[in-house]
Amino acid sequence: MSGQPQTDELVDGSLLTCEELVALVTDYFDGAMTESERFRFDAHLDLCNGCRNHLEQVKSAVSVLHRLGDDDLPTETRERLLLAFRTWKRTGK
Amino acid sequence: MSSDVLPTREFEQELIARLRTGDENAFIELMDRYGASLFRLALLYVHDSGAAEDVVQETWLGVFQGIDRFAGRSSLKTWLFTILSNRAKRRGERDNRTRAFSTFDTPEGFDEGDLDRFFPPGTEDAGHWKSIPDDWSLLPEERLASDELRAVVDQAMTTLPGTQREVITLRDIEGWASEDVRNALGITETNQRVLLHRARTKVRRAIEEYMAQ
C-alpha cells in the first residue's frame, strides 16, 4: 500500500509532494488558496491516502480543541461575578 | 463564544442597551455567553484561576464603566477581548508570574514543524511520507473523546509560544473567525495563518504520540 502518488502520475511535475501538501493544510482549510493551488492540492489528495489521513487527523485535533471551548463558567465564579454586578449597580464601582 | 452560537449584532446592541439601564438579566445573558470564554482567555496571560477570575471581574467592571462609550463599531466580542487582554497582561506583569511562554518573552524561534515525517531532499522519495499517517477514523470513538486526550491537548497547549497559543485558542477553542482574530491581536492574515498552522501541527503531533502509546 502506497501513500504516495505513483511516479507516472507526476507527468508534468506540477503535483505537490506530501511535504508540500502538509505545509498548505491550514491555507486549505481557510480557503486561502489560488484556484491552481487548490487544484494541485485536490489532485494530490485524490491519489494519496497518507495525506488524506493527515488531513483528517488535523480535523480531529481541531475538534478536540473545539470541545475545550464547551466548558461553562464554574458556578462559584458565576456567583461572584453576579455579586460584583450588584455591587456595581448599587455603588457604581 | 463558538461561531455557531454567535449573537447577531442587533441582539448584542439590545443587550448593551439593557445593560446601560442596569438590567441584571442582560448581565446574566452576557455572562453566560461570554464569561467562560473570557475566563479561558484570561488564562493566556495570568498564572492561576484566581487571578483569571479577578481579571474577568475587572473586565466586567470596565464594561459597566465604559458602556456609554461603546459605539458598536467593533463587535462586542472583540471589545470584551480588548478590555480583558489589557487587564490580563497588566496583571500578569504585576504578578511577575507571567508564564514562561507568555507573549512577551517567548520568541517564535525556528520551528521544525513536520519536517521529520518526510524523506529529506536528495533521497529517492524526497518529500514523501516516511511512514503513512494512521487512519484515526478506525479508532474507537471514545478515544478521541476521552478526558485523557483532553488533558494531552491541554498539556500540548502549554508548550506553545504565546502568540501561537493566543491564535489557536481564539480560532479553534473559541471558534473565532480569522478576521476577528487578526483584529483582536493586531497581526496580519498571513502571520495569523502561520501561527495557527504551527500550533495545530504541535497539537496534532501530541495526539499522535498519545495514540501510539
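Me: Before anything else, what counts as a helix or strand here?
Reply: Helices (H or I, at least four residues) and strands (E, at least two) are DSSP runs, numbered from the N terminus. This is a predicted model: local features need pLDDT of at least 70, side-chain atom pairs count only at pLDDT 80 or more, and totals for chains, interfaces and linings use all residues. Residues are numbered from 1 along each chain as its sequence is written, while chains are lettered from A and ligands numbered from 1 in the order in which they are written.

Me: OK. How many helices and strands does chain A have?
Reply: Five helices and zero strands. The order from the N terminus is α-α-α-α-α.

Me: What percentage of chain A is buried?
Reply: Buried residues are 25% of the 93 in chain A. Buried takes 20 or more other C-beta atoms within 10 Å of the residue's own; exposed is 12 or fewer, and partly exposed is in between, with C-beta atoms placed from the backbone.

Me: At what angle do α4(A) and α7 of chain B pack?
Reply: About 85 degrees, with the axes 8 Å apart; α7 of chain B is residues 162–173. Axes are lines fitted to C-alpha atoms, for helices over the stretch in contact, and angles run from 0 to 180 degrees between N-to-C directions. α4(A) and α7(B) are therefore roughly perpendicular, a label for 65 to 115 degrees; under 35 is roughly parallel, over 145 roughly antiparallel, and the rest oblique.

Me: Which residues make that contact?
Reply: V62(A), L65(A), H66(A) and L68(A) from α4(A) meet I168(B), D172(B) and I173(B) from α7(B). That contact has five nonpolar, one polar and one charged residues.

Me: New topic. How many residues are in the largest nonpolar core?
Reply: 56. Such a core is a set of buried Ala, Val, Leu, Ile, Met, Phe, Trp, Tyr and Cys residues joined through C-beta atoms within 7 Å. L38(B), A42(B), V56(B), L80(B) and L84(B) have the most contacts inside this one. Helix α2 (residues 24–42) of chain B gives the largest share, eight residues.

Me: What does L38(B) touch, leaving aside neighbours within four places in sequence?
Reply: V56(B), T59(B), L80(B) and L84(B).

Conventions:
Contact = placed C-beta atoms within 7 Å. Nonpolar A, V, L, I, M, F, W, Y, C, P; charged D, E, K, R; others polar.
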